[in-house]
Amino acid sequence: MSNPIRLYMSMSLDGYIAGPDDRPGQELGRDGGRLFNWLDDRKSEGPSGQVHREALATGALISGRRTFELAGRWRGDHHDGVQIFVLTRRVDEGDVPPGHACFVTDVEDCARQARAAAGDRPVMVHGAGAAQALLRAGQLDEMEIHLVPVLLGDGRRLFDGLGGEHFELDLVRRLEDRDVTHLRYRVRRSGEAA
């Protein structure tokens, strides 16, 4: 696949992507910043540097609305002026997102627009809600999980909203670095053999 839609998320060993009480002013929740210590090595030649460079080479971004708002709407530019597609249930009249961002209410339309905007580059996904919606719609191709060896014990989980749905994943890459394991999974399509 030339331009996969790929989730990029840091996660604790117990499945949390933010600590408890994530809100404006405390966007990662209590103790949630611990999940991003690996970014101290983002400029290195090691695995964390490689993964960070790959993330910034993506050609479009799909974000959930909550993530978009908590991130201060990235002031309209997540990285390199790529188009930001904000997957949301509603668009308030007069709410015009800044810069390179736009709101999209249909998950399949969002995926289609993001792939077109990305050209031959991958599409980055941020946020639990967006990831779950794309996964349920069969539009999420890969997951890059930055697994951090900590148990947060509470907070916001990455896959809480999937209910009883079952998804098979194939591990396609594992990179070990200081304080993190970068795991890339391919989402197996329904009926596809391992």
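Reader: Leaving aside its neighbours within four places in sequence, which residues is Leu158 in contact with?

Author: This is a predicted model, in which local features need pLDDT of at least 70 and side-chain atom pairs count only at pLDDT 80 or more, while totals for chains, interfaces and linings use all residues. Residues are numbered from 1 along each chain as its sequence is written, and side-chain values use heavy atoms, with hydrogens and water left out.

With neighbours within four places set aside, Leu158 is in contact (heavy atoms within 4.5 Å) with Leu7, Met9, Met11, Gly15, Ile17, Ala128, Gln132 and Ile145.

Leu158 is also among the residues with the most contacts inside the largest nonpolar core, which has 29 residues, and others in that group include Ile5, Leu7 and Val125. A nonpolar core is a set of buried Ala, Val, Leu, Ile, Met, Phe, Trp, Tyr and Cys residues joined through side-chain atoms within 4.5 Å, where buried means under 20% relative accessible area with a 1.4 Å probe, protein chains only. Among the elements that give two or more residues to this core are strand 1 (5-12), strand 7 (142-148) and helix 4 (128-136), the helices being DSSP runs of H or I with at least four residues and the strands runs of E with at least two, numbered from the N terminus. Helix 4 gives the most, with 6 residues. A second, separate core of 10 residues includes Tyr8, Ala55, Phe68 and Phe103.

For the protein as a whole, 48% of the 194 residues count as buried, and of the contacts between residues at least 6 apart in sequence, 66% join residues at least 24 apart.

Terms used
Buried < 20%, exposed > 50% of the residue type's maximum accessible area, 1.4 Å probe, protein only.
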